[in-house]
2 protein chains.
Amino acid sequence: MKRIAVVEDEPLMREELALMLRKAGYEAMEIREFDHAAEQLEEISPDLVVLDLNLPGVSGFRICREIKGRSSFPVLVLTSRDQMKDELHALELGADEYLTKPCRRERLLARVSNVLKRYEGRANLLEGPGFLLDRQTYTLYIDNRSTVLPKNQGKLLETFLSRSDKTVTKDELCTALWGTTEFIDENALQVNLTRLKKTMTRLGMAHKITPVRGVGYRLEKEAESEPGSGEIPGQENSFGNEEDL
Amino acid sequence: MKRIAVVEDEPLMREELALMLRKAGYEAMEIREFDHAAEQLEEISPDLVVLDLNLPGVSGFRICREIKGRSSFPVLVLTSRDQMKDELHALELGADEYLTKPCRRERLLARVSNVLKRYEGRANLLEGPGFLLDRQTYTLYIDNRSTVLPKNQGKLLETFLSRSDKTVTKDELCTALWGTTEFIDENALQVNLTRLKKTMTRLGMAHKITPVRGVGYRLEKEAESEPGSGEIPGQENSFGNEEDL
DNA sequence: ACAAAACCTTTCATCAGCTGTAAGTGTTTT
DNA sequence: AAAACACTTACAGCTGATGAAAGGTTTTGT
């Protein structure tokens with residue numbers, strides 16, 4: 001049974017939502033504590049989050065961003081804020097659906113089922129700069145092609161992604177590969193890294209695994225050349241106000 | 001650059017849409033012939049379809065269903081029909097987004113970008129009863145887990161899925177596996193089928209690859225037992241009128 | 001009921017591709 | 001220039017997928 005978390009401060013509304021979802025055959029969990037909502041949600045790891053934007057103390061936008069920043073499940077924003085600005089901002093932050101209250105039962109349930117359907121199989125996909133990686137099989141999705149990485153290369157890439165943009169020590173990489181940091185063969189790591197880099201180049205990824213001397217490595221988000229080439233269409237909906245309201 | 005097909009009969013509207021999309025950095029293609037729209041679209045295989053519901057002669061619903069029936073790309077329905085009934089019906093049929101005209105530029109572009117983002121990597125996913133299969137890597141997604149099938153098992157399953165629910169001859173299966181129908185080793189096919197069945201059982205799929213004596217095999221959508229167990233929550237939005245309007 | 005045809009299963013040798021070792025070449029820092 | 005670190009290539013061992021072979025089970029027709 002699919003599990004849905006409801007993040008909503010108004011008790012009546014929350015109860016009604018939860019009841020409606022339960023009647024439709026979902027397991028509904030109510031979140032009442034909003035200060036560390038994102039962490040709580042990560043603990044619970046539901047299949048979907050229904051999120052209100054007007055919460056006491058915290059901004060719903062912030063929660064949405066935090067959810068989407070970490071490894072992610074779908075977010076359906078349900079709010080009384082009907083400003084276009086809010087809708088666009090929420091979508092920018094990665095919300096999967098935006099509905100305004102009041103919302104009819106049927107519409108909400110239809111959207112919920114719709115989003116869940118689209119997320120089938122996505123549960124374990126890690127997001128990288130321009131590609132996706134399946135945590136379990138190490139299947140790599142880039143552009144419209146996919147490849148299965150050898151286990152070791154997959155583990156390495158996974159490690160880089162989960163420490164996004166930070167430096168990863170050799171010890172960490174060795175632990176990821178062999179489960180132990182003792183008797184590490186620096187060379188073996190080296191070889192595996194080389195192989196990963198080679199496949200990344202072959203697949204045309206803007207890779208950049210750069211060494212950090214004496215420490216380890218890091219995966220750069222972008223090659224530091226050609227800042228002029230505008231990529232990713234439809235991203236011009238940039239907002240001056242990137243901060244929460 | 002992402003390619004978007006616009007299916008809309010009203011010339012002014014169509015032009016405006018196409019222009020808007022092009023300005024946003026997409027490649028827009030205008031569909032003017034609606035009788036075989038689904039086939040045309042399959043030929044083109046765009047990254048997204050913007051679909052009007054009120055078309056002369058054909059029902060937009062039908063087109064939507066036809067698109068989603070075959071191997072699929074995302075569909076954004078943009079229509080002046082603001083009846084809840086229509087919206088639910090479209091979503092039922094697998095539409096990924098439903099917007100009503102008039103619709104502000106920003107909203108449309110935001111939704112377009114949103115849908116496209118969610119479809120990253122999905123391009124080559126074949127849909128089966130309760131699971132997804134990646135055509136290129138033979139990665140199999142079921143529940144929230146994924147496995148990479150051995151090449152042969154993948155090819156077999158792929159063949160079954162692309163002839164959904166119809167009988168597949170042994171010759172077809174052999175061709176899929178070895179590219180030739182001559183000098184077929186019936187036994188080798190047999191062994192590979194057994195292996196596929198075994199993995200499917202291991203993964204808990206409601207498999208049912210049944211032999212059709214003297215011809216070949218077929219993949220049943222459902223095990224023919226227990227018709228009472230209601231599955232798939234949120235699907236109770238069933239409509240009496242399954243036919244097009 | 002019987003035999004033939006069709007279908008299924010298990011076992012085994014072969015082969016491809018992933019992996020770590022080893023040995024040697026670059027590159028940066030002191 | 002020497003030392004420390006980083007990279008590359010070649011090769012042999014291992015794992016897991018594959019097809020051949022041989023034998024078992026189910027279905028069908030008489």
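Analyst: L19(B) is partly exposed, at 47% relative accessible area (buried is under 20%, exposed over 50% and partly exposed in between, with a 1.4 Å probe and protein chains only). This is a predicted model, where local features need pLDDT of at least 70, side-chain atom pairs count only at pLDDT 80 or more, and totals for chains, interfaces and linings use all residues. Residues are numbered from 1 along each chain as its sequence is written, chains are lettered from A and ligands numbered from 1 in the order in which they are written, and side-chain values use heavy atoms, leaving out hydrogens and water.

User: Which helix is L19(B) in?

Analyst: L19(B) belongs to helix α1 of chain B, residues 11-23. Helices are DSSP runs of H or I with at least four residues, strands are runs of E with at least two, and both are numbered from the N terminus.

User: Now α3 of chain A. Which residues are buried there?

Analyst: In α3(A), residues 60-69, the buried ones are G60(A), F61(A), I63(A), C64(A), I67(A) and K68(A). They lie on the same side of α3(A) because they cover an arc of only 160° around the axis, taken from the directions from the helix axis to the C-beta atoms.

User: How many disulfides are there over all chains?

Analyst: The count is 0, a disulfide being a pair of cysteine sulfur atoms within 2.5 Å. For C64(A), the nearest cysteine sulfur is that of C103(A), 17 Å away.

User: Is C174(A) buried or exposed?

Analyst: C174(A) is buried, with a relative accessible area of 1%.
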